[in-house]
Amino acid sequence: MHGRPRKPLKPVDEAAVAAKAEKLRALQSEFLSNHQNKIYSKEAVELSAKLLEINPELYTAWNYRKLAVQQNLAQCESDPESVNSILDEELKVVENALRQNFKSYGAWHHRKWVLEKGHSSMDKELGLLDKFQAMDARNFHAWNYRRFVAALMKRSDEDELEHTQNMIDKNLSNYSAWHNRSVLLSNLMKKAAPGFTSKDEVLTREYELVREALFTDEDDQSGWFYHLWLLDQTVRSEFPLLVSSWPVEGSDISLPAADYLDGCASMNVFHYSSRNFPLVLYFNQSVRGVNSSTVSVSCGFNLNIDLIWKPLSSTDSQSAKVWATHLAIPDAELHSSEAYQVEVKVGFSQGIVSTTGVAYSHPSQISFQLHLQKTPLESGQDSRFGRIQWKDDCFAVYEPGSAEPDLVNLLDNLTIKNEVESTASTWQARIIDDETNIFRDLLDCKIGKLTVARLLTAYNSLRPLDKPVHCKEVLELYSELMKLDPSHYQYYKDNHSLVLLQQLGSFEKLLWVQMLDLSNNELQSIEGLEALQLLSQLCLSNNKFRSFTALESLRYLKSLKVLDISQNEIGSHSIDTTRYLFRSPLSHSVGSCDWNINYLSSETYWEAFFVLKDMGLTQLDVAGNAITSKSFNVFLEKLLPTLKWLDGVEVN
Amino acid sequence: MGELAADKHVKYILAVEKRKDNFESAVLEHLRMNGAYWGLTTLDLLGKLDAVDSNEIIEWILKCQHESGGFAGNVGHDPHILYTLSAIQVLALFDKLNVLDVDKVSTYIAGLQNEDGSFSGDIWGEVDTRFSYIAICGLSILKCLDKINVERAVNYIISCRNVDGGFGCTPGGESHAGQIFCCVAALAITGALHYVDKDLLGWWLCERQVKSGGLNGRPEKLPDVCYSWWVLSSLTMIDRVHWISKEKLIKFILNCQDTENGGISDRPDDAVDIFHTYFGVAGLSLLEYPGVKAVDPAYALPVDVVDRIFFGK
């Protein structure tokens, strides 16, 4: 089915082909009859061998031969010579079939089945494998079979590692060999085998080895992914750390006495509009085990029940980078001035573990003050029922280097001060530095530029508490790559965007935000926004959102009241690229009983249903999307009883 | 550029269904059930499923069912999980899942799960992540996913994840676009995509696009239209499909058509077959090519068929 020319190279003898087909059909028909009637005579079994030589994909014939073998083995009563001769025959049939098609799953499996009966010398198998790998060093069946044989022979990982070295020495362009090397090396490092205990030494050796592959042919991808893996191994932070929280250590927070919407919040004192007060913990990697035993919260008022911490992850119910809980704040008594001191202690008892199995071992304490206000703050009008408009005067503009050091200091102070040594002065930094210098020599080509950009980014990840450096250079490299490799333009653009975001300070520094305007960008995803638990007003208009399923993160924002998703591409695309990154019956991540049949109109708006159904939105804008129509708006009004404004019009 | 010769492809598929005299159809006789799925799904994507006699096909499908509950590739052959899924998918296309004894089929599939969570293809024990996908997809369509140990099934798939972000057939197996599709789709259906490093795998997948605009299945291999499905559906499920050039891929697929006799081949000017015709059209569907219905990247069936199963109507 692959690689045959459309116009045959020589004229086709129609009659001969038809005769060949007829003969094959006759053989197959006879074979199936033997199989149905369980006939395992010598002739019948030979017929199956003939068939498998013509067509090794005829899986029923392999099954048939196994049945014949089982019967013959039973009859010869374990006489070793007979057993060997029976199994030898099978190995021969497999070899003949593989000669016809050395990618035949059925043939390779049959050989494994025979070997599991304890036959064939393993050296013979390795010899056979060497032959196959010489013909095609990328045949993954052969590599899988080699793994199988090595396990049966109990060959050491070190010996197999040497084999990959031999393959690479023969030909650097052998992705399969690099892949197998990564598997063996991971194993050896994991079990701390002698000679593989110093990560520094092991990685330095491997960098040298793969460098040749990258420099020999700049377009050959064989070493690219191996090099990226080495880089990940170099900078990967082993220890789970708390990097940010809300509230922040030392903050002073005012809570108003009644629910109302405040359009603007001032910086040092945070106003919050609900009695359900969120606590957010932001880690540097996905962790599990955050609960009321591992995180203790003490405040002036009694918490009658254990707090329930939830991981903010759309599909994982056990672990996440960001965890949140809510405190139920009691009503303030008249004439009393209540100020509570709250202490959150993270990880003073064991139990928080990263998904890679490393225990959290840097206990942190976050203390802050809560002031309950008895009278509502002064505001010009009762903004409870007013419509929020996304005007520029809702926001204060901060120029970098302006006379407003407070914001800058504030953003800097939002990160947790860990007593963890920055690894910037260790072997990791040395390797990154060396590699960067070497790869600057390759700067004229795609892999050179991409690798330098990644190395500079990796350097920053070694120093998470410091301001990122080299940003301008990295942004320039990605811009150059967009021109150099236009097929992958969007890949470089997305990376470029990430660097821009990191310069600002990514989501971990924005946990305090209540009103956010992301309009007029080119966003198609808001992954990560679920961490902003205080968000009550969000504008996403004039972006590139294609579906309601792209808004999964919003399902975690319990305080969201105002949402603007107007002027996007919802309903314009036949293919939904976030369909499975979304909790729905399709991915078995919500109960099917949650799909309420009452919401069926002539169109099924299940995506909008799941995103919006539990939201208490008061204001929603959806105009300028292909999905909008009279019936869609009717559906929305039914779904959201709290809605007061839809597309700028008051709802009745 | 060239256009999709949809009518020619429809005629080609209908003709192949009937041809029995050539060598190719003899050699592929054992996987006719797969062929039915490829051909009929393509017809549905092109809006021409009504061109076939569904009753005749369903009758033949049921003849291929074994007493164990599994389906064979053709009448008289042995049952296997591969053909069981194709049978379920074809019945779903015709909205005739009700002809099945759901309990019987689902018990057959569930019975192929092993201790470590992996799945065998049949009683002879070959293990491969393709079979994990098949079991999960098939049981999900039959609404019987709880008949297997989903947690262990997911754990086995993760054990086949490689450092490049991709997946192989068995633990330690090299990443290959076909296996990646199977594993990513299985994780999608079981709500477990958080185990996929989307940026890492996304880069590996988008680098399958070579200079000609076509996609290969792994590094330093030739492009092939069938990877327009496996790479593209994987990219779609993890929301990274914008990382390749859609225009160049569309051009490559269209160049693989035989615009005279119908059908699509693996590479331009190669012989056409049903397999590549399906993957070419399904790829164009994922690229939102006009005139082709939307295909679901995880279940590999038209979106309206999948929505009908899960949301009723």
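Student: Is Arg146(A) buried or exposed?

Tutor: Arg146(A) is buried, because its relative accessible area is 4%, where buried means under 20%, exposed means over 50% and partly exposed lies in between (1.4 Å probe, protein chains only). Asp130(A), with a relative accessible area of 43%, is partly exposed. Please keep in mind that this is a predicted model, in which local features need pLDDT of at least 70 and side-chain atom pairs count only at pLDDT 80 or more, while totals for chains, interfaces and linings use all residues. Residues are numbered from 1 along each chain as its sequence is written, chains are lettered from A and ligands numbered from 1 in the order in which they are written, and side-chain values use heavy atoms, with hydrogens and water left out.

Student: How many salt bridges does the structure hold?

Tutor: Side chains of opposite charge can pair when their charged atoms come close. Over all chains there are 40 salt bridges, each being a side-chain nitrogen of Lys or Arg within 4 Å of a carboxyl oxygen of Asp or Glu. One of them joins Arg146(A) and Asp130(A), whose closest N and O atoms are 4.0 Å apart. This pair links distant parts of the chain, since Arg146(A) belongs to helix α7 (residues 140-153) of chain A and Asp130(A) to helix α6 (residues 122-135) of chain A, 16 residues apart. Helices (H or I, at least four residues) and strands (E, at least two) are DSSP runs, numbered from the N terminus.

Student: Where do Glu174(B) and Arg138(A) lie?

Tutor: The side chains of Glu174(B) and Arg138(A) meet in a salt bridge at 3.0 Å, N to O. Glu174(B) is in the loop between α8 (150-158) and α9 (177-189) of chain B, and Arg138(A) is in the loop between α6 and α7 of chain A, so the pair joins two chains. Glu174(B) and Arg138(A) are both buried. Glu174(B) also forms a salt bridge with Arg218(B), with 3.2 Å between the closest N and O atoms. Here distant parts of the chain are linked, as Glu174(B) sits in the loop between α8 and α9 of chain B and Arg218(B) in the loop between α10 (198-206) and α11 of chain B, 44 residues apart. Elsewhere, salt bridges with shared partners join Asp130(A), Arg146(A), Arg155(A) and Glu160(A) into one network.

Student: What is the area buried between chain A and chain B?

Tutor: The size of an interface is often given as the accessible area lost when the parts come together. Between chain A and chain B the buried area is about 7,700 Å², of which carbon and sulfur atoms give 55%; the value is the accessible area (1.4 Å probe) that two parts lose on being put together, summed over both. In terms of contact (heavy atoms within 4.5 Å), 84 residues of chain A meet 97 residues of chain B. The two chains have eight salt bridges between them. Lys198(B) and Glu527(A) form a salt bridge too, their closest N and O atoms being 3.2 Å apart.

Student: How many aromatic pairs does the structure hold?

Tutor: A pair of aromatic rings is described by the distance of the centres and the angle of the planes. Rings of Phe, Tyr and Trp (its six-membered ring) pair if their centres lie within 6.5 Å, and planes under 30 degrees apart count as stacked, over 60 as edge-to-face and the rest as tilted. The structure holds 40 such pairs over all chains. Trp178(A) and Tyr226(A) form a tilted pair, because their ring centres are 4.8 Å apart and their planes stand at 50 degrees. Trp178(A) is part of helix α9 (residues 175-190) of chain A and Tyr226(A) of helix α11 (residues 224-235) of chain A, so the pair ties together parts that are 48 residues apart in sequence. Trp178(A) counts as buried at 1% relative accessibility, and Tyr226(A) counts as buried at 4%. In chain B, Trp229(B) and Tyr278(B) form a tilted pair, with 6.3 Å centre to centre and 45 degrees between the planes. That pair links distant parts of the chain, with Trp229(B) in helix α11 (residues 227-237) of chain B and Tyr278(B) in helix α13 (residues 274-286) of chain B, 49 residues apart. Ring pairs link a cluster whose members include Tyr37(B), Phe181(B), Trp229(B) and Tyr278(B).

Student: How many helices and strands does chain A have?

Tutor: Chain A has 18 helices and 16 strands, and 49% of its 652 residues count as buried.
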